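Trainee: Could you take me through this structure, please? I have not worked with it before.
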Amino acid sequence: MSEDAGSEKLSPLARNPLDMISSAHALQVQMCDAMERIADGLPDEVDRRLCGQVASCLQYDLPLHHHDEEEALFPLLRKRARPEDGLEEILDRLTSEHAADNDFASEIAEALETLGQGGRPANPEMLGYMLRGFFERYRRHVQWESTLVMPMARLRLTPEDLEALQARLNEYRRQAS
Ligand SMILES: [Fe+2]
Ligand SMILES: [Fe+2]
């Protein structure tokens with residue numbers, strides 16, 4: 001960015017917070033694939049480094065992302081969506097999935113951390129079952145957001161909304177660090 005960029009109004013395309021949310025979704029799809037590989041390899045053929053990476057993603061990145069959506073993106077979108085968009089119910093449902101997923105995520109993260117540190121799962125079958133339940137559900141969650149919510153956000157949010165969204169996301173990261 002040029003030095004005098006501050007004197008001009010930034011184009012919303014130059015720094016679109018929706019791209020940040022979409023790239024989190026792309027990483028979450030990779031996380032689900034990694035969870036599937038881990039589940040397939042249980043109990044002995046697991047990549048321990050991958051377990052540690054997924055554990056950290058589940059424990060830190062996912063709750064922050066849910067917070068971004070619930071506290072910043074969804075409220076802005078509820079304000080702008082039109083009744084014919086049918087978004088209210090979808091956003092309600094996604095929000096209730098976040099709460100359940102945060103709980104499962106922290107439980108799974110604990111088990112994966114043990115694996116990552118070289119330990120054995122107390123109950124590999126149960127862990128496999130939990131992993132599969134999680135990634136299957138979460139893939140659907142991301143799919144809904146990518147195909148329904150994000151396109152609608154790109155269509156309906158105004159440049160001012162995007163600025164407000166960016167400010168909130170920055171603020172949450174300052175608080176989290
Ligand atoms: Fe979500
Ligand atoms: Fe999301």
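Mentor: Helices (H or I, at least four residues) and strands (E, at least two) are DSSP runs, numbered from the N terminus. This is a predicted model, in which local features need pLDDT of at least 70, side-chain atom pairs count only at pLDDT 80 or more, and totals for chains, interfaces and linings use all residues. Residues are numbered from 1 along each chain as its sequence is written, and side-chain values use heavy atoms, with hydrogens and water left out.

Trainee: How many helices and strands does the protein chain have?
Mentor: The protein chain has five helices and zero strands, giving the pattern α-α-α-α-α along the sequence.

Trainee: What does the C-alpha trace span?
Mentor: Along its principal axes, the C-alpha trace spans about 55 × 45 × 25 Å.

Trainee: In which helix is Glu 113?
Mentor: Glu 113 belongs to helix H3, which covers residues 87-116.

Trainee: Is Glu 113 buried, partly exposed or exposed?
Mentor: Glu 113 is partly exposed, because its relative accessibility is 32%; buried means under 20% relative accessible area, exposed over 50%, and partly exposed in between (1.4 Å probe, protein chains only).

Trainee: What share of the residues is buried?
Mentor: Of the 177 residues in the protein chain, 38% are buried.

Trainee: Changing topic, what share of the contacts with a separation of 6 or more joins residues 24 or more positions apart?
Mentor: Such residues account for 83% of those contacts in the protein chain, where contact means heavy atoms within 4.5 Å.

Notes:
Chains are lettered from A and ligands numbered from 1 in the order in which they are written.
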